[in-house]
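Have a look alongside me.

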Amino acid sequence: MSEVVVKAEIRQSTKKHAKYTRWNGMVPGVYYSRGEENINIQVPVPALHQLVFTSEAHVIDLQLTDGSSRKAILKDVQYDPVSDQPVHFDLQGLKENEKLSIEVPIVLTGGIPKGVRDGGMLQHFIHKLKVSCLPKDIPAKVEINVAELGINDFVHVSALQLSNVTIVESLGSAIVGVMP
């Protein structure tokens, strides 16, 4: 799993002042971790885009303006319904010996499946897989090879083999399949 450095400013003004933060090209957010006090932060829009618009999960090395550094993951992002721009985000702090639940992107590999070449249609049902693991074991993505899928063939959650990771999804759920 890759690590991304994000430089953030600590916000002193909160609530209704968030709109002024957005007008200045920043996105307000909050860092939280069990046993620690929440920290209100703000980051430039491009710094958040590298975390949101990607097909991989990242560990974030959060560099704060007071000189401290913390490890976190992106837990939630809220978007403006009209412009589709991020308006708020949440970062969850990581502790090395504590398991966490995270959604990991599913990436399809192998090109065009056999069933699609025979007239079927590829359906991708689950795009992110919910897993539970230690921070050092977080997979960047889950790759599924779909090259050999024929018509009416499906890949279920139960077929995935991930080391040191517990899958939280229902094992009977279909991830991807070729429909007639």
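Here are my entries, from the whole chain down to a single residue.

**Overall.** I am working with a predicted model. I looked up the size of the protein and found that its C-alpha trace spans about 60 × 40 × 25 Å along the principal axes. I listed three helices and 13 strands. Of the 180 residues, 41% count as buried. I also checked contacts between residues at least 6 apart in sequence, and 66% of them join residues at least 24 apart.

**Surface and charge.** For the charges, I have 18 positive and 20 negative, and their mean positions lie 5 Å apart.

**Strand 1.** I next asked in which sense strand 1 and strand 4 pair. Strand 1 (residues 3-10) and strand 4 (residues 59-64) are parallel, joined over six bridges. In this pairing I found Glu3 opposite Val59 of strand 4. With strand 3, strand 1 pairs in the antiparallel sense, over two bridges. There I found Glu9 opposite Gln42 of strand 3.

**Ser33.** Where does Ser33 sit? I placed Ser33 in the loop between strand 2 (26-32) and strand 3 (39-44). Is Ser33 buried or exposed? I have Ser33 down as buried, because its relative accessible area is 10%, under the 20% cut-off. Then I looked at what Ser33 touches: setting aside neighbours within four places in sequence, Ser33 is in contact with Gly93 and Lys95.

Note on methods:
Residues are numbered from 1 along each chain as its sequence is written. This is a predicted model: local features need pLDDT of at least 70, side-chain atom pairs count only at pLDDT 80 or more; totals for chains, interfaces and linings use all residues. Side-chain values use heavy atoms; hydrogens and water are left out. Helices (H or I, at least four residues) and strands (E, at least two) are DSSP runs, numbered from the N terminus. Buried means under 20% relative accessible area, exposed over 50%, partly exposed in between (1.4 Å probe, protein chains only). Contact means heavy atoms within 4.5 Å. Lys and Arg count as positive and Asp and Glu as negative; His and the chain ends are not counted. The place of a charge is taken as NZ of Lys, CZ of Arg, CG of Asp or CD of Glu. Two strands pair if DSSP finds at least two bridges between them.
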